[in-house]
Every structure is written in C-alpha cells, then in structure tokens.
Amino acid sequence: MKQEQKKIEPNRRELIASGAGMMALLLIRPAQASDETMRGAMRQFISEAQVRTGRIKLDLPPLVENGNAVPLTISVESRMTAEDHVKTIAIFNQKNPQPNVATFHLGPRSGRASVSTRIRLADSQTVIAIAQMSDGSFWSDSADVVVTLAACVEGL
Amino acid sequence: MARALINVPAKAKRGDIVEIKALIAHPMETGYRHDTKGEPIPRDIIKSFVCSYNGEDVFRAELFPALAANPFIAFSIVASESGVLTFSWTDDHDQTEVRTAPITVE
C-alpha cells in the first residue's frame with residue numbers, strides 16, 4: 001500500500017507543479033513534452049559535457065501561421081576540415097509530444113555546416129539546436145516561435 | 001514507390017561546396033492523431049536519411065515525428081570527384097527508398 005503511494009506521488013506532483021500540464025489535460029491534448037523531458041533528451045545527447053552559446057545559429061521565423069511546416073535553418077561556424085568540423089547537430093523542442101526533432105550527422109566532406117529542413121510545432125515554444133564539434137565541445141542556440149495554427153491538433 | 005525530388009547540380013568545380021536538396025513524399029504520421037472514429041492512427045514516419053557519395057556516407061539524419069510531412073532536407077557537400085550521389089530514406093517498416101543522382105566534377 002505504502003509502496004504504491006510512493007509510486008503515484010511523483011506523477012501527481014509533476015501534474016500539479018506544471019500548470020501547462022493541467023491545461024493540456026483540460027484541453028484533452030496529446031501528451032506534451034515539458035521543459036524537463038526536453039532537458040532529459042538534451043542531457044542524453046551531451047551527457048556530462050558543458051554547452052556553450054555561440055558558433056551555432058538557429059534560424060526560425062519568430063511568428064508562424066501554420067505549425068505543420070515551419071522552415072528551419074541551422075548553421076555553425078566551422079572550417080569543416082578533418083581536424084576541426086561539426087560532427088552532429090541535434091534539434092530539440094519544448095512542447096511537442098516528443099522532445100526530439102531531428103539529428104544531423106556531418107563531416108569534413110560537408111564543406112559547410114548548414115542544414116535546412118521543415119518541422120512541426122504543436123504550440124508556441126522554444127526550439128533549441130546543439131552542435132557537437134570534432135573536438136568534443138558543444139554549442140547551442142535557441143529560438144522562440146509563436147504559432148497561431150498548431151500542428152497535430154487538427155482532425156482528419 | 002514514393003515520389004522523391006532531388007536537387008543536385010549536374011556540374012561542379014573540384015573543391016566547390018554544393019548544396020543538395022532532397023524531398024520525399026511521405027505523410028510522416030506522428031502516431032498522436034486519431035481518425036474520425038477516435039481510433040489512434042499508427043505511427044509511420046521516415047526515421048532515417050542517408051546521402052552517400054561514391055559509396056561513402058557524407059550526410060546522415062535521424063528524424064522524429066516532429067519533422068513536417070514530405071520531409072525536406074537541404075545540406076551541402078564538397079564536390080571532390082565525379083560520380084554518383086545515393087539518397088536513401090528508411091521508414092518505420094524498415095523499407096528503404098533509394099534514389100541516385102550523378103555529379104560531374106571538373
């Protein structure tokens with residue numbers, strides 16, 4: 001009995017702690033990733049390393065009408081040589097059902113560390129991009145996006 | 001066979017950095033939506049994309065449901081030698097769609 005209560009406790013706490021979670025419940029929306037799940041996904045990518053801001057630039061429109069296809073460009077300052085290049089770029093989001101968006105693997109043969117794609121955003125939120133360099137350092141940039149028509153909510 | 005669009009410059013100078021664009025027709029069903037009867041629609045997405053240049057991988061991507069339908073990816077490569085670029089997209093059912101594009105390097 002006691003053990004069961006212990007198991008339930010953190011869930012309830014999380015729910016009450018996050019007003020956003022309550023809102024999501026009220027609106028009967030699919031599960032949302034929270035700051036915490038995004039941080040968890042980021043932690044998995046960077047493990048124990050330090051993340052610095054700079055060198056990477058995340059380009060997203062500040063205001064989008066349609067969250068179903070939001071253009072996104074990431075570029076990293078790097079000479080892209082065999083000794084010094086961008087290895088991986090990962091994109092994370094705060095409020096989609098899953099914190100991961102995409103992970104790109106580059107190398108010296110990329111020539112330029114720049115990737116563009118189109119993503120879905122379920123809500124107005126912060127998007128974060130982290131680049132891992134060949135020397136093991138991590139650099140990040142974030143962008144806030146206001147979405148007027150969210151992805152994932154429309155029916156068929 | 002899904003429709004795919006690839007944009008590779010036909011000719012490039014040796015050492016030039018060229019932009020590659022790749023798009024494939026795919027719903028990228030997130031698995032979070034329901035149909036009109038309220039039944040959940042199973043997830044079906046392209047989960048990985050690889051571009052190889054004369055057999056060597058030069059660009060790779062892992063995709064998640066947060067990628068828009070008809071996934072579009074633009075990236076760049078160094079035109080080092082004439083040959084073939086191979087693009088492959090793999091979906092949740094481990095089915096792979098492959099396209100190739102030639103490139104001439106002068």
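Predicted model: local features only at pLDDT ≥ 70, side-chain atom pairs only at ≥ 80, totals over all residues.

Guide: Let us begin with one residue pair, in which A:His105 has B:Arg60, in β5(B), as its bridge partner. Before going further, note that residues are numbered from 1 along each chain as its sequence is written, while chains are lettered from A and ligands numbered from 1 in the order in which they are written.

A second bridge joins A:Ala102 to B:Leu63 in β5(B). Taken as a whole, β6(A) and strand β5 of chain B (residues 56-63) pair in the antiparallel sense over four bridges, where pairing requires that DSSP finds at least two bridges between two strands. Strands here are DSSP runs of E with at least two residues, and helices are runs of H or I with at least four, both numbered from the N terminus.

Within its own chain, β6(A) also pairs with strand β5 of chain A (residues 86-93), again in the antiparallel sense, over five bridges. One example of this pairing is A:Ile89, whose bridge partner in β6(A) is A:Phe104. The two strands β5(A) and β6(A) form a hairpin with six residues between them. All six of the six residues of β6(A) are buried, so the strand is mostly covered; buried means under 20% relative accessible area, exposed means over 50%, and partly exposed lies in between, calculated with a 1.4 Å probe on protein chains only. In chain A overall, 42% of the 156 residues count as buried.

The chain that holds this strand has three helices and nine strands, following the pattern α-α-α-β-β-β-β-β-β-β-β-β along the sequence. Of the contacts in chain A with a separation of 6 or more, 65% are between residues 24 or more positions apart, a contact being heavy atoms within 4.5 Å.

Stepping back to the interface, the contact takes 30 residues from chain A and 35 residues from chain B. About 2800 Å² is buried between the two chains, and carbon and sulfur atoms give 50% of that area; buried area is the accessible area, found with a 1.4 Å probe, that two parts lose on being put together, summed over both. Two salt bridges cross between chain A and chain B, a salt bridge being a side-chain nitrogen of Lys or Arg within 4 Å of a carboxyl oxygen of Asp or Glu. A:Arg109 forms a salt bridge with B:Glu56, with the closest N and O atoms 2.7 Å apart.

On the side of chain A that touches chain B, the elements that give two or more residues are β6 (100-105) and β7 (114-119) of chain A. The residues of that side divide into 12 nonpolar, 13 polar and five charged, where Ala, Val, Leu, Ile, Met, Phe, Trp, Tyr, Cys and Pro count as nonpolar, Asp, Glu, Lys and Arg as charged, and the others, Gly among them, as polar.

The side chains of B:Asp94 and B:Lys47 meet in a salt bridge at 3.1 Å, N to O. This pair links distant parts of the chain, with B:Asp94 in the loop between β7 (83-91) and β8 (96-105) of chain B and B:Lys47 in strand β4 of chain B, 47 residues apart. B:Asp94 counts as exposed at 54% relative accessibility, whereas B:Lys47 is partly exposed, with a relative accessible area of 30%. Salt bridges that share partners also join A:Arg109, B:Glu56 and B:Glu81 into one network, which brings us back to the residue A:Arg109 and its salt bridge with B:Glu56.

Definitions and conventions:
Heavy atoms only, no water.
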